[in-house]
Amino acid sequence: MTNEEIIKAIEEMSVGDLAKLVKALEEKFGVSAAAPVAVAAVAAAPAADSKGAAKAEEKTSFNVLLKEAGDKKLQVIKVVREITNLGLKEAKDLVDKAGAPDAIIKQNATKEEADQIKAKLEEAGAVVELK
């Protein structure tokens, strides 16, 4: 399998399947994905200009995080299933993790897509954050 085929397969995976893959890789190779994420966050920090101020760049991709499920948890689970194509158990598990840093409903969404997802989830009673 070529690198391109592997990348394409990963791109087509749901959030739940990606989480399972990361966990399996961590267990198989005895590593943690947390360290590279911290390094990536530092590397992604905006560069300072000659006056020391951070350069403003418009963000083009967003992660949709579930902060709270709210009072209508069942409705939120239904919306999460619709958005992510997860099974009932996986969607419930994701909603149960609301507020956790890995309670990501959608990664690398466009601004428009992230706003639509946020609106659907908020309509169902959830509290959502875009990062």
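Which residues make a nonpolar surface patch of about 320 Å²? I looked this up before anything else. Met1, Ile6 and Ile10 make that patch. I keep in mind that the model is predicted.

**Entry: Ile10**

Isoleucine 10 lies in helix H1, which covers residues 3-11.

**Entry: overall layout**

Next I stepped back to the whole chain. I counted six helices and three strands in the protein. Read from the N terminus, the order is α-α-α-β-α-α-β-α-β. The protein has 131 residues, and 21% of them count as buried. I also looked up the surface. The protein exposes about 9300 Å², with 55% of that supplied by carbon and sulfur atoms.

Then I checked how far along the sequence the contacts reach. I took contacts between residues at least 6 apart in sequence; 63% of these join residues at least 24 apart.

**Entry: confidence**

I noted a stretch at residues 35-43 where the pLDDT is below 50. Beyond near neighbours in sequence, residues 35-43 have zero contacts in the model. Residues 50-55 also have a pLDDT below 50. For residues 50-55 I found nine contacts beyond near neighbours in sequence.

**Entry: helix H5**

Which residues of helix H5 are buried? H5 spans residues 88-96, and I listed Ala91, Leu94 and Val95 as buried there. They lie on the same side of H5, because they cover an arc of only 100 degrees around the axis. I then asked what covers the buried residues of H5. The cover includes strand E1 (62-68), helix H4 (73-84) and strand E2 (104-109).

**Entry: Glu113**

My last stop was glutamate 113, in helix H6, residues 111-123. Its relative accessible area is 29%, so glutamate 113 is partly exposed. How many residues apart in sequence are glutamate 113 and serine 61? The answer is 52. In space, their C-alpha atoms are 9.5 Å apart.

Technical notes. Residues are numbered from 1 along each chain as its sequence is written. This is a predicted model: local features need pLDDT of at least 70, side-chain atom pairs count only at pLDDT 80 or more; totals for chains, interfaces and linings use all residues. Side-chain values use heavy atoms; hydrogens and water are left out. Patches are made of residues with over 30% relative accessible area and no salt bridge: like charges are joined within 9 Å, nonpolar side chains (Val, Leu, Ile, Met, Phe, Trp, Tyr) within 5 Å. Accessible areas come from the Shrake-Rupley method with a 1.4 Å probe; for residues, only the protein chains shown count as cover. A salt bridge is a side-chain nitrogen of Lys or Arg within 4 Å of a carboxyl oxygen of Asp or Glu. Helices (H or I, at least four residues) and strands (E, at least two) are DSSP runs, numbered from the N terminus. Buried means under 20% relative accessible area, exposed over 50%, partly exposed in between (1.4 Å probe, protein chains only). pLDDT is the predictor's confidence in each residue, from 0 to 100. Contact means heavy atoms within 4.5 Å. The arc is that of the directions from the helix axis to the C-beta atoms.
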